[in-house]
Amino acid sequence: MIFFYIFIFRLCSTDRHKLYQCLEAQIRLFVVELRLSLLKNFGKGSQNLLESLIEYYSRLCRASNKTSVFLQEFESRHLRRYNLTWEFLNRRLFQSTVYSDASIKNGLAKYDINYLLKFVSLLLKLVLRIFS
């Protein structure tokens, strides 16, 4: 853990953009693994696509919150210059990689409106729990 902090501090001091690229690559790998797992489970006939989507999104948010402690200096020195936050970047990668996948979108389109309203309600509760 201390090595991770030293690595971040060193790159934040010398090359913030390189640090951003390294972190983005790690997040992208994590999110791609989530997407592949979601598609694999969905391909097996899982009827719980929405619940799985919420669970995977929740995993990403938890990981983002845990790593944000180490990235406060990086966020304040680099990301804020572009009106970005670490959590926003994580969520954007999830949206662009997982939610934008055509197979997942087609799977979500099969749910009726009441089920989708339940999904939105659960998602809002998750977001409120994260920010409180």
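Rings of Phe, Tyr and Trp (its six-membered ring) are taken to pair if their centres lie within 6.5 Å, and a pair is called stacked if the planes are under 30 degrees apart, edge-to-face if they are over 60, and tilted for the rest. By this rule the count is one aromatic pair. That pair consists of Y57 and F94 and is edge-to-face, with 5.1 Å from centre to centre and 65° between the planes. The pair links distant parts of the chain, since Y57 belongs to helix α3 (residues 49-68) and F94 to helix α5 (residues 86-99), 37 residues apart.

The structure is a predicted model, in which local features need pLDDT of at least 70 and side-chain atom pairs count only at pLDDT 80 or more, while totals for chains, interfaces and linings use all residues. Residues are numbered from 1 along each chain as its sequence is written, and side-chain values use heavy atoms, with hydrogens and water left out.

The secondary structure of the protein comprises seven helices and zero strands. Helices (H or I, at least four residues) and strands (E, at least two) are DSSP runs, numbered from the N terminus. Along the sequence the pattern reads α-α-α-α-α-α-α. Buried residues account for 33% of the 132 residues in the protein. Here buried means under 20% relative accessible area, exposed over 50%, and partly exposed in between (1.4 Å probe, protein chains only). A contact is defined by heavy atoms within 4.5 Å. Among contacts between residues at least 6 apart in sequence, 75% join residues at least 24 apart.

In α3, the buried residues are L49, L50, S52, L53, I54, Y56, Y57, S58, L60, C61, S64 and S68. In α5, they are W86, E87, L89, N90, R91, L93, F94, T97 and V98. An α-helix has 3.6 residues a turn, so residues three or four places apart point the same way.

L49, L50 and L53 of α3 make the contact with I104, G107 and L108 of α6. By class, this contact of α3 with α6 has five nonpolar, one polar and no charged residues. In this scheme Ala, Val, Leu, Ile, Met, Phe, Trp, Tyr, Cys and Pro are nonpolar, Asp, Glu, Lys and Arg are charged, and the others, Gly among them, are polar.

Another residue of α6 is S103, which is partly exposed at a relative accessible area of 38%. Leaving aside neighbours within four places in sequence, S103 is in contact with L39 and F42. The C-alpha atoms of S103 and F42 are 9.2 Å apart, although 61 residues separate the two in sequence.

V31 lies in helix α2 (residues 16-43) and, at 0% relative accessibility, counts as buried. Leaving aside neighbours within four places in sequence, V31 is in contact with L60, L93, F94, T97 and V98. Between V31 and Y56, 25 residues apart in sequence, the C-alpha distance is 8.8 Å. Between V31 and Q95, 64 residues apart along the chain, the C-alpha distance is 9.4 Å. Q95 lies in α5 and is partly exposed, with a relative accessible area of 33%.

The loop between α4 (72-77) and α5 contains N83. N83 has a positive phi of about 55° although it is not a glycine. With a relative accessible area of 73%, N83 is exposed.
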